[in-house]
Amino acid sequence: MIIKGVVLLLLLFVHAGPASADYAEAMRYYERQEYRQALQEFSAAARGGDADAQYMLGRLHETGSGTPQDFVQAHQWYNLAAARGHRHAAEARESLTRRMTAGQIAEAQQAARAWQLEQAPSRSTPTTRPDIETLSNRQGVAEIQRELNRLGYDAGPVDGAMGRRTRNAIREYQADSGISQDGHATADLLQRLRQTEREAVTASSPSRPTASPRVVLQDDFSDGDYRHDPSWTVLSGDFEIDDNGLRSIVAAPQAGGRESRTLSAERPEEIGLAMLELILEQSGSIRRDEAPIPPEPARIFVNAPVDNAFRMELQLASRQRTGSLELGLFQGDRPDGAGYRLVYAPGARPGLSLVRITSAGVEVIARHQERLDLEDGRFHRIVWTRDGNGEMQVHVDDQRLLRVQDTGLGDRFQGFVLANRGGDYTLDRVRLEAR
């Protein structure tokens, strides 16, 4: 234990530049294991922007020394220290992340962002930021990473490498700012980031709630494993994590006649095909005797209990104009059972439908009558909201495509479910909030 303490102190002093008086006093308390006093002194130095003090606050909150153990607080301080260049903070943050839930991580990131905005200097403060016009591509990415970290978005190391982590941080900032989420590192983005100081970035986004939401599900699959934190369950088919997110590929449905079916709550595996047939028949795209013979679907779900009013946001890419994709929320303990589903049917009219499933059957309650083309090689942002009065809206790339009021389902939802019934789809990230 003594050796470990000596090593820690050596690492801190190797990293540190000129220490503030508060930090030096805090370290003396820390060495004497007087953690409550150390916490007070580190807090004073951290408010002044001392990265070492911020890192030490993270350690104290992580271990519960001088304060109750609090992973959210620890992550927040590690994040802030990493944004100021502390070379051990990012590693400590990543290690801690593996012990936290998605909701805790989101709360910590939001807290770090709020702290950064409160502490940001006024725009009149002179800066030494390099001119945007003089930056190479790699330098530009590094500057964007620095600014994102400054605002509390986890863009990773400031190394100029445009990876998945940086791209997701850009998209999160773009979503909070109410601008198109393309994830691209551009000069215009850097200019906007530099101008973001005291004002909250959410102010310009009319579609986001002003109060802090309760996040019940958040996953960007950056850990490379969908089986934990949160834990997804595969019902059928194959799923994998690649550089872009959670991917499933299912062969296209084959043409062929099918007998008329009666939907039964005792046969939830038939619900997906019944939905697709119902949508296509009502649009006049097929006749009953032309209904496609479905392949084995790829189905996956995650438990995420949420009240009847919610906000769901996800990034989705489609690479084939075949089959259909269903996603939505289910009630009870049957992911294929009662709930709401969005059904995307490439090349069909309607291209997007909103379906209600109950024990009595399946009903299409809203539809976008035009074709919807998502097969353009990029990710598309889908935002689905439902308020306390049952009004639901669905936006795709900031364009409202569906709006309907439905009170057919009054109970809370148990989780999120996705079913690929033919096609090549990637879910880059998903976020579900209680409203």
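The chain of this predicted model averages a pLDDT of 80, and 79% of the residues score at least 70, where pLDDT is the predictor's confidence in each residue, on a scale from 0 to 100. Because the model is predicted, local features need pLDDT of at least 70 and side-chain atom pairs count only at pLDDT 80 or more, whereas totals for chains, interfaces and linings use all residues. Residues are numbered from 1 along each chain as its sequence is written, and side-chain values use heavy atoms, with hydrogens and water left out.

Two stretches call for caution. Over residues 1–19 pLDDT stays under 50, and the model has 18 contacts beyond four places in sequence for them, a contact being heavy atoms within 4.5 Å. Residues 282–288 also have pLDDT under 50 throughout, with 15 contacts beyond four places in sequence.

Helix α3 (residues 35–47) and helix α4 (residues 51–63) have axes that come within 8 Å and cross at roughly 145°; axes are lines fitted to C-alpha atoms, for helices over the stretch in contact, and angles run from 0 to 180 degrees between N-to-C directions. This crossing of α3 and α4 is left-handed, a term that applies if the near helix is turned anticlockwise from the far one by less than a right angle, clockwise being right-handed. On the α3 side the residues are Y35, L39, F42, S43, A45 and A46, and they meet A53, Q54, M56, L57, L60 and H61 in α4. By class, the contact of α3 with α4 has nine nonpolar, three polar and no charged residues, where Ala, Val, Leu, Ile, Met, Phe, Trp, Tyr, Cys and Pro count as nonpolar, Asp, Glu, Lys and Arg as charged, and the others, Gly among them, as polar.

Helix α4 also packs against helix α5 (residues 71–83), with axes that come within 8 Å and cross at roughly 160°. That makes α4 roughly antiparallel to α5, because angles over 145 degrees count as roughly antiparallel, under 35 as roughly parallel, 65 to 115 as roughly perpendicular and the rest as oblique. The crossing of α4 and α5 is left-handed. From α4 the contact draws on A51, Q54, Y55, L57, G58, R59, H61 and E62, and from α5 on F71, Q73, A74, W77, Y78, L80 and A81. These residues of the contact of α4 with α5 divide into nine nonpolar, four polar and two charged.

The crossing of α8 and α10 is left-handed. Here G140, E143, I144, E147, L148 and R150 of α8 make the contact with L189, L190, L193 and R194 of α10. By class, the contact of α8 with α10 has five nonpolar, one polar and four charged residues.

Turning to the strands, an open sheet of seven has the order β2-β5-β14-β7-β8-β9-β10, with antiparallel pairing; two strands pair if DSSP finds at least two bridges between them. At its edges stand β2 (232–236) and β10 (361–368), each with a single partner strand, so one side of each is left without a neighbour in the sheet. The twist averages 20° from one strand to the next. Strand β9 (residues 352–358) is joined to β10 by seven bridges, the two running antiparallel, and L352 stands opposite H368 in β10.

Strand β3 (residues 240–242) and strand β4 (residues 245–250) pair in the antiparallel sense over three bridges, and a hairpin joins β3 to β4 through two residues. Within this pair, D242 stands opposite G245 in β4. Strand β4 also pairs with strand β15 (residues 423–434) in the antiparallel sense, over five bridges, with S248 opposite Y425 in β15.

Most residues other than glycine have a negative phi, and most peptide bonds are trans. In the loop between β1 (214–219) and β2 lies P230, joined to D229 by a cis peptide bond with omega of about -5°. The loop between β1 and β2 also holds F221, which has a positive phi of about 60° although it is not a glycine. The peptide bond from R349 to P350 is cis as well, with omega near 5°, and P350 is placed in the loop between β8 (339–344) and β9.

Technical notes:
Helix = DSSP H or I, 4+ residues; strand = E, 2+ residues; numbered from the N terminus.
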